[in-house]
Amino acid sequence: MLKQLALACTLAACAAPAAAQTAAQTAAPAPATRLLVFITVDQLIPDYFTRWPGQLTGGLARLYNGGAVFTNAHQDHAVTETAPGHASTMSGRFPRSTGIVSNEFGVADPQTRLLGMNTAGASPFRFRGTTLFDWMRAKDARTRALSVSAKDRGAILPIGRARQTVLWYARNGTFTTSTWYGRTLPPWVARFNARRLPQSYAGRAWTPLLSAAAYAEPDSVPVEAGGVNYTFPHVIPADPAAAASSLPLFPVMDQLTFGVAMEGVRAMALGRGPATDLLAVSLSSTDAVGHRYGPHSREVHDQVVRLDRWLGAFLDSLYAVRDPRTVIVALTADHGVTPYPELADPARAAAMHVSDRPIRAWVRTAAASWGVDSAAVHAEDGMLRLDAAAFARAGRDPRAFAREFVAVARAVPGVLRADLFPAVAGADTASDPIARRWSHMIPRDMPYHAVVTLRPGHVWGRGAYAQHGSPHDSDSHVPIIFFGAPFRPGKYGGFTRTVDIAPTLARVLGVTPTEPLDGRVLTDAIR
């Protein structure tokens, strides 16, 4: 059955109806939950659930139609990137508490090694505090976790610092981990890798799953993919090694991730123990396709339909070996996405690409004139980070440097605002959502002194790819869905944050957070 799920199931078989599951979860009081399945879809926006009526018939449709769905949910912090988003969902805390403020300062760890490649690895060494898994294990030490993703940060951050089975995809075509988690791979992972499934896709073409009439989006849009290979079919390289390396750019990476997750459920007997186990699955293909082709592309349309089918197949396989009444599923996303300016507003597209060259040029010149090494000044992701010790050695005040930086940034066309930090955190965050999201972003003990926000729809640079990372709703709006016996199905429109996910799951699992949280329990969704 794993082989059918992982790589050989037909797409028709992946779309099994949910009626039996819905009946099973409502017919009688459920036994204790034995498995929590937490799914993060990278760059999934709520609009995708309803944009193509009747075309989603698998797992996404099952969760959306049968779950507790929060339609006004947000990653309520400013730098809406993958690492901060994954760190907040299962910790119940904003980046200001987790310490994960960007992808750049996320999980990369040169003191660890990647198993099988002997290159620099990754770890949660920057992550602060605990996650839902820690609270589950505090209640019962027999609780176990498996976390799987194509990305290291997608696998690591949902379970924080816990040394469990944490796997991500390496460009040599294997699922691996770093020396933070162990010196060898579990035997079942080694067996999965030995099948060399990624290499088997060499030379295959990604073509639309549905008939041409099902896609309202045009196929030929030259702005997509930098004007290169922007129409179907998209062919995986013919060389096996190159195919394995490029696989994360194609939808099939999600199917492979589901395959290794299901293999782990069986090999580790997750959900069969005396305690509740956790399976975290982070799916990255929607992000890869969305960046390259944009959220209104035919490619994203096809990617989401495929994801829907593969998620349906995964749930069917899971429920075949585990009592559905003992399984809880939660789904969210780490961030949204801002459309290509060229497609969103063609007349103003050029002005919506904001150059950071004036800011970088000023930083270089100012650092030199202040007698500060340029390495002491770091401006990235809209945040100014200063090395206080370097400024002290030069006899200069970093706060004065930040004030000049803010004045320069405010003058750059396309910049909505530039604020001193932490002063912006003291603004009226109830009426100023941008100030609120910046206040949620940065720990007070980190050396950040200023933050910059672009105008809505604007992006940094001339890059021909769709972006995210801003405090605006296009990048913060994500789905939150709870599915299973403890939850009351329906649509809930109140403002909700992803930091509310962990405390809500903790409540239904009967576990107690071991530290103060930023999130709250979403009691309306609990039976």
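A charge is said to sit over an aromatic ring if NZ of Lys or CZ of Arg is within 6 Å of the ring centre and within 35 degrees of the ring normal. In this structure K491 lies over the face of Y64, at 4.4 Å from the ring centre, and the charged end of R204 is placed over the ring of Y201, 4.6 Å from its centre. The model is a predicted one, in which local features need pLDDT of at least 70 and side-chain atom pairs count only at pLDDT 80 or more, whereas totals for chains, interfaces and linings use all residues. Residues are numbered from 1 along each chain as its sequence is written, and side-chain values use heavy atoms, with hydrogens and water left out.

An open sheet of four strands shows antiparallel pairing in the order β13-β14-β16-β15, where two strands pair if DSSP finds at least two bridges between them, and where strands (E, at least two residues) and helices (H or I, at least four residues) are DSSP runs numbered from the N terminus. The edge strands are β13 and β15 (415-420), each of which pairs on one side only. Neighbouring strands of this sheet are turned by 15° against each other on average, direction ignored, with axes taken as lines fitted to C-alpha atoms, for helices over the stretch in contact, and angles running from 0 to 180 degrees between N-to-C directions. Helix α17 (residues 398-410) packs on the sheet and touches β13, β14, β15 and β16, its direction making about 170° with that of β15; contact here means heavy atoms within 4.5 Å.

Strand β13 (residues 377-380) is joined to strand β14 (residues 383-386) by four bridges. Within this pairing, V377 has L386 as its bridge partner, and H378 stands opposite R385. The hairpin of β13 and β14 has two residues between the strands, and D381 takes a positive phi near 60° there. On to strand β16 (residues 448-454), β14 is connected by three bridges, again antiparallel, and R385 stands opposite Y448 in β16.

Strand β16 also holds H449, which counts as buried because its relative accessibility is 14%, buried meaning under 20% relative accessible area, exposed over 50% and partly exposed in between (1.4 Å probe, protein chains only). Leaving aside neighbours within four places in sequence, H449 is in contact with L384, L386, P398, R399, A402, D419, L420 and F421.

Aromatic rings of Phe, Tyr and Trp (its six-membered ring) pair if their centres lie within 6.5 Å, and planes under 30 degrees apart count as stacked, over 60 as edge-to-face and the rest as tilted. By this rule the count comes to 17 aromatic pairs. The rings of F175 and F192 have centres 6.2 Å apart and planes at 75°, so this pair is edge-to-face. Distant parts of the chain are linked by the pair, with F175 in strand β7 (residues 174-176) and F192 in helix α8 (residues 187-194), 17 residues apart. Both F175 and F192 are buried. The pair of F482 and F487 is stacked, because the ring centres are 5.0 Å apart and the planes are at 20°, and F482 and F487 are both buried. One aromatic cluster is formed by W362, W370, F391, F401 and F405.
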